[in-house]
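This report is for a reader who meets the structure for the first time.

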Amino acid sequence: MQYEVIIVGGGPAGTSAAIRLAQAGVRVLVLESKHMPRHKLCGEFIAPECYPTLDRLGVRDQVLAEGSQIANVSLTASNGRQVNTAIGGISDEVGFATGLSRARFDQILFDRAREVGATCIEGFAVKRCLFDGRLPYGVEAFSLLDGRTHRFHAGVIIDASGRNSRITLGRGERNGGRHGSRLYAFKAHLKRVDAIRDQVELYFFRHGYGGLSRVEGGVVNLCFIANERTVKQAGGDFAEILNRTVMKNPLGRERLAFAEVAGDWHSTGPLTFGPRRLSRDGVIAIGDAAGMIDPFTGTGVQIALRTGELAAEAVIAAFAGEGDDPSAEALAAHPERLLLANSNRAVMLRRALDSYRRFYDQEFRRRMTASGLLRSAAFSPLVANALAVILARIPRLAGSILRATRSGNSPHR
């Protein structure tokens with residue numbers, strides 16, 4: 001089968017793009033290196049800002065039905081000072097978020113992509129892009145099933161392969177900064193954490209932070225970030241890393257007193273935050289491949305979904321030859337206009353990339369900047385504790401600060 005778009009990666013960014021493209025009649029292929037369902041290191045927090053996109057993708061009701069409702073946010077500084085705020089105070093959408101494991105969430109989206117017509121293949125690891133001159137025309141992928149190399153062709157390639165992408169990121173963009181100060185993330189599902197119900201709790205400690213929130217099945221997600229020095233001092237032992245991080249926070253220690261790990265620990269790193277390049281050699285980057293926002297904002301999943309949607313809309317409009325109009329209606333009415341992509345791919349790709357960059361800047365640049373400023377406070381116990389004192393005295397300020405790191409849909413929607 002001849003495809004018009006190939007998406008590398010079957011996470012929320014990749015499947016969001018695939019669903020929107022398939023809904024518009026585009027022949028799209030998704031290549032996922034793992035087999036579904038598979039666990040991913042993530043806070044597994046689906047912010048209210050996700051709901052409009054999930055509605056357009058046709059999975060909102062299912063996600064809400066299967067996940068746990070989260071109504072409140074709690075921030076606890078390393079000195080024990082606590083600040084509480086309602087989800088409704090930091091979001092322009094409904095007043096609750098959803099906790100749902102990435103294994104289940106990603107499976108729902110993957111199945112939906114197939115349902116609307118996308119071809120989704122698991123167990124294929126993309127090795128490289130194929131180029132005709134300076135334009136991409138396909139990918140070369142390794143099958144984990146038969147060990148053979150396969151080639152797939154399309155005029156548009158979208159990179160949704162994550163923060164360690166080897167397609168749109170150079171080696172220096174993946175190293176996470178200076179040795180010794182780099183950041184690593186850890187995740188486990190826990191049982192016997194009964195105090196976590198309809199709230200997400202964030203705990204700050206020296207050189208890092210972490211959080212607890214309930215997902216489906218009565219299980220609680222623990223996800224935290226620590227610096228490289230702490231990880232080395234703990235000898236890489238997960239229990240000892242936890243003792244040196246979240247357990248140093250008074251409330252975190254109380255919550256985890258009787259916790260039991262359900263399943264495996266997951267770790268990843270080094271991490272880098274902030275925006276990255278949105279394309280390389282004509283390949284469009286979405287999700288974490290395009291940049292990561294700090295986890296304490298709770299909007300990582302939303303940005304993944306939304307960048308996938310924005311990229312898809314930019315490609316659809318470029319296929320239809322409609323400049324900046326992101327709507328798919330004209331394309332659905334005139335599918336033959338997809339042939340424009342084959343007659344002048346260079347012009348089409350440039351138009352799609354220009355639109356996508358503009359959409360991305362409008363919706364995410366300010367948020368990335370705000371979260372970067374707050375990162376300095378999060379990793380400084382002195383600043384974090386002082387900020388906690390201020391927020392405890394002026395609770396509404398917490399909502400205003402967190403609101404600066406998030407938004408709903410961009411103006412063009």
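## Confidence

pLDDT is the predictor's confidence in each residue, on a scale from 0 to 100. A contact is a pair of heavy atoms within 4.5 Å. Over residues 408-413 the pLDDT stays under 50, and the model has 23 contacts for them beyond four places in sequence.

The chain has a mean pLDDT of 86, with 82% of its residues at 70 or more. Residues 334-343 fall below 50, and this stretch has 14 contacts in the model beyond near neighbours in sequence.

This is a predicted model, in which local features need pLDDT of at least 70 and side-chain atom pairs count only at pLDDT 80 or more, while totals for chains, interfaces and linings use all residues. Residues are numbered from 1 along each chain as its sequence is written, and side-chain values use heavy atoms, with hydrogens and water left out.

## Nonpolar cores

A residue is called buried under 20% relative accessible area, exposed over 50%, and partly exposed in between (1.4 Å probe, protein chains only). A nonpolar core is a set of buried Ala, Val, Leu, Ile, Met, Phe, Trp, Tyr and Cys residues joined through side-chain atoms within 4.5 Å. Helices (H or I, at least four residues) and strands (E, at least two) are DSSP runs numbered from the N terminus.

The largest nonpolar core holds 60 residues, and V5, I7, L21, L54 and Y356 have the most contacts inside it. Helix 8 (residues 300-319) supplies the largest share of this core, twelve residues. Apart from it lies another core, of 22 residues, which include Y184, F186, I196 and F224.

Leaving aside residues up to four places away in sequence, I7 touches G14, A17, A18, L21, V28, L29, V30, L31, I158 and A160.

## Salt bridges

Side chains of opposite charge can pair when their charged atoms come close. A salt bridge here is a side-chain nitrogen of Lys or Arg within 4 Å of a carboxyl oxygen of Asp or Glu. The structure holds 24 salt bridges. R20, R56, R306, E309, E313 and E363 are linked in a network of them.

R38 pairs with E32, with 3.7 Å between the closest N and O atoms. R38 also forms a salt bridge with D106, at 2.4 Å from N to O. This second pair links distant parts of the chain, 68 residues apart: R38 is in the loop between strand 2 (28-32) and strand 3 (45-46), and D106 is in helix 4 (residues 102-115). R38 is buried at 9% relative accessible area, E32 at 6% and D106 at 0%.

## Helix 4

Helix 4 has 14 residues and spans 19 Å from its first C-alpha to its last, close to the expected 20 Å, where the expected span is 1.5 Å times one less than the number of residues. Ten of the 14 residues are buried, so helix 4 is largely enclosed by the rest of the structure. Among the buried ones are F105, I108, L109 and F110. Just after helix 4, G117 takes a positive phi of about 120°.

## Backbone details

The peptide bond from M36 to P37 is cis, with omega near -5°, and P37 sits in the loop between strand 2 and strand 3. R192 is not a glycine, yet has a positive phi of about 65°; R192 is partly exposed at 48% relative accessibility.
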